[in-house]
Amino acid sequence: MKKRIIALSLILALVVSTFAAVQLVGAASSYLKEGSQVKFDETDSLYYGIPLGTTVDELVSHFSESTTQIRRDGRTISGESLVNGGDTIRIRSGWTYQTIGTIVTLGDVDCDGSIGTSDYATVRAFLVNGE
């Protein structure tokens, strides 16, 4: 009986957390302040319209939530750090943070924070070879 209660509790927790995450991602565009230059693609959960050289503080200022995090490689970045393509945006939901989208920066194909020859080579290889 005790195992059954634990199993039902775990299933209920999974269903509730999944529902909360779906609600959160579905409302991801509503976290942007009205008139923001940052746009949200709901199909792929991508935030775009973010110019190269944008700092974390500048990007976070476009969001209405004061509990917005920007993460790179599993670590939170902040302040004057520059955002790169591939960084993720997280919003606090209850006691945890949920990822609501990924940053796309125009031209930065390799997500290193700058536009250079490696971006050109990647695009060229894709166009010429389809890879």
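Is Leu127 buried or exposed? Select Leu127 and see: Leu127 is exposed, with a relative accessible area of 65%. (Exposed means over 50% relative accessible area, buried under 20%, and partly exposed in between, using a 1.4 Å probe and protein chains only.)

Before going on, know that this is a predicted model: local features need pLDDT of at least 70, side-chain atom pairs count only at pLDDT 80 or more, and totals for chains, interfaces and linings use all residues. Residues are numbered from 1 along each chain as its sequence is written, and side-chain values use heavy atoms, with hydrogens and water left out.

**Stop 1: the whole chain**

Colour by secondary structure. The protein chain has 3 helices and 6 strands, running α-β-β-α-β-β-β-β-α from the N terminus. (Helices, H or I with at least four residues, and strands, E with at least two, are DSSP runs numbered from the N terminus.) Of the 131 residues, 27% are buried.

**Stop 2: the sheet**

Now show the strands. In the order E1-E2-E6-E5-E3-E4, 6 strands form an open sheet with mixed pairing. (Two strands pair if DSSP finds at least two bridges between them.) E1 (39–41) and E4 stand at the edges with a single partner strand each, so one side of each has no neighbour in the sheet. Zoom in on E1 and E2 (residues 46–48), which pair in the antiparallel sense over 3 bridges. Pick Phe40, and you will find its bridge partner, Tyr47, in E2.

**Stop 3**

**Stop 4: a salt bridge**

Which side chains meet in a salt bridge? Select Asp87 and Arg72, with 2.9 Å from N to O. (The rule asks for a side-chain nitrogen of Lys or Arg within 4 Å of a carboxyl oxygen of Asp or Glu.) Asp87 lies in the loop between strand E4 (75–77) and E5, and Arg72 in strand E3 (residues 68–72), so the pair ties together parts that are 15 residues apart in sequence. Asp87 is buried at 2% relative accessible area, while Arg72 is partly exposed at 22%.

**Stop 5: back to Leu127**

Return to Leu127, in helix H3 (residues 117–129).
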